[in-house]
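Please read the briefing below alongside the sequence and the coordinates, with attention to backbone angles and charged side-chain pairs.

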Amino acid sequence: TIGARRGNVEAVRLLLGFRANPEARNRSGETALQLAAWDGHATVVQPLVSAGADPNSRDASDTTPLLAAVGREKIDAVKALIRAGADVNAGGLKSGVTPLLLAAGSGHVNTVRALLGSGADVNATASGITPLRIAAAMGNELMVKDLVAAGARINDRDRQGRTALTLAQQGKHSKVVKILQGAGAKE
């Protein structure tokens with residue numbers, strides 16, 4: 001796992017050549033792939049997956065390698081994991097948070113774009129939260145535009161009856177309000 005953590009692809013290949021277990025875990029239940037994803041070492045992803053590492057494995061905190069990379073905005077690792085078979089819609093962190101929800105909540109526009117381009121469910125929910133409502137509440141204009149263009153349900157309501165438009169208005173995000181109204185958002 002040290003070679004993966006440091007992004008040393010030669011060391012990883014050497015260890016795998018000596019039949020190192022690509023699914024070995026540390027005390028936190030993290031695999032070498034999860035550690036590489038966490039630190040954004042995209043070049044290590046494919047050798048580990050080719051040797052048998054599961055791109056959808058979970059550590060003790062219910063984090064997949066993709067969630068680890070998304071959470072730290074490691075876009076190259078995100079793309080490498082998706083190419084390696086990571087499930088873009090797999091929820092985790094013990095509450096069903098998908099990579100798209102995590103990226104939206106972190107304000108990572110480029111990661112959101114990569115996930116949407118790879119088939120992420122634009123209307124995924126966890127605890128009643130959607131990517132669009134997150135982006136609207138944060139006032140993230142680019143992300144709101146991308147999510148609307150990807151087919152986000154504009155007038156969905158959360159458990160308190162709030163829409164993305166309501167959240168944008170509450171946050172005084174006038175540009176987001178205009179974007180949503182232009183797309184047909186209603187109170």
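The points that follow concern backbone geometry and salt bridges.

This is a predicted model, in which local features need pLDDT of at least 70 and side-chain atom pairs count only at pLDDT 80 or more, while totals for chains, interfaces and linings use all residues. Residues are numbered from 1 along each chain as its sequence is written, and side-chain values use heavy atoms, with hydrogens and water left out.

**Backbone angles**

- Most residues other than glycine have a negative phi.
- Leu 93, although it is not a glycine, has a positive phi of about 55 degrees, and this residue sits in the loop between α6 (75-83) and α7 (99-106), where helices are DSSP runs of H or I with at least four residues, numbered from the N terminus.
- Leu 93 counts as partly exposed because its relative accessibility is 34%, the classes being buried under 20% relative accessible area, exposed over 50% and partly exposed in between, with a 1.4 Å probe and protein chains only.
- Ser 127 likewise has a positive phi, near 55 degrees, in a residue other than glycine, and its place is in the loop between α8 (109-117) and α9 (131-138).
- With a relative accessible area of 48%, Ser 127 is partly exposed.

**Salt bridges**

- Side chains of opposite charge can pair when their charged atoms come close.
- The structure holds five salt bridges, a salt bridge being a side-chain nitrogen of Lys or Arg within 4 Å of a carboxyl oxygen of Asp or Glu.
- One of them joins Arg 72 to Asp 39, with the closest N and O atoms 3.4 Å apart; because Arg 72 lies in the loop between α5 (65-71) and α6 whereas Asp 39 belongs to helix α3 (residues 32-39), the pair ties together parts that are 33 residues apart in sequence.
- Both partners are partly exposed, Arg 72 with a relative accessible area of 35% and Asp 39 at 22% relative accessibility.
- Arg 113 and Asp 146 meet through their side chains in another salt bridge, at 2.5 Å from N to O, and this pair links distant parts of the chain, since Arg 113 is in helix α8 and Asp 146 in helix α10 (residues 141-149), 33 residues apart.
- Within this pair, Arg 113 counts as partly exposed at 37% relative accessibility, whereas Asp 146, at 18%, counts as buried.
- Arg 153 also forms a salt bridge, with Asp 156, the closest N and O atoms being 2.8 Å apart; Arg 153 is partly exposed with a relative accessible area of 46%, and Asp 156 counts as partly exposed at 23% relative accessibility.

Technical notes:
Helices (H or I, at least four residues) and strands (E, at least two) are DSSP runs, numbered from the N terminus.
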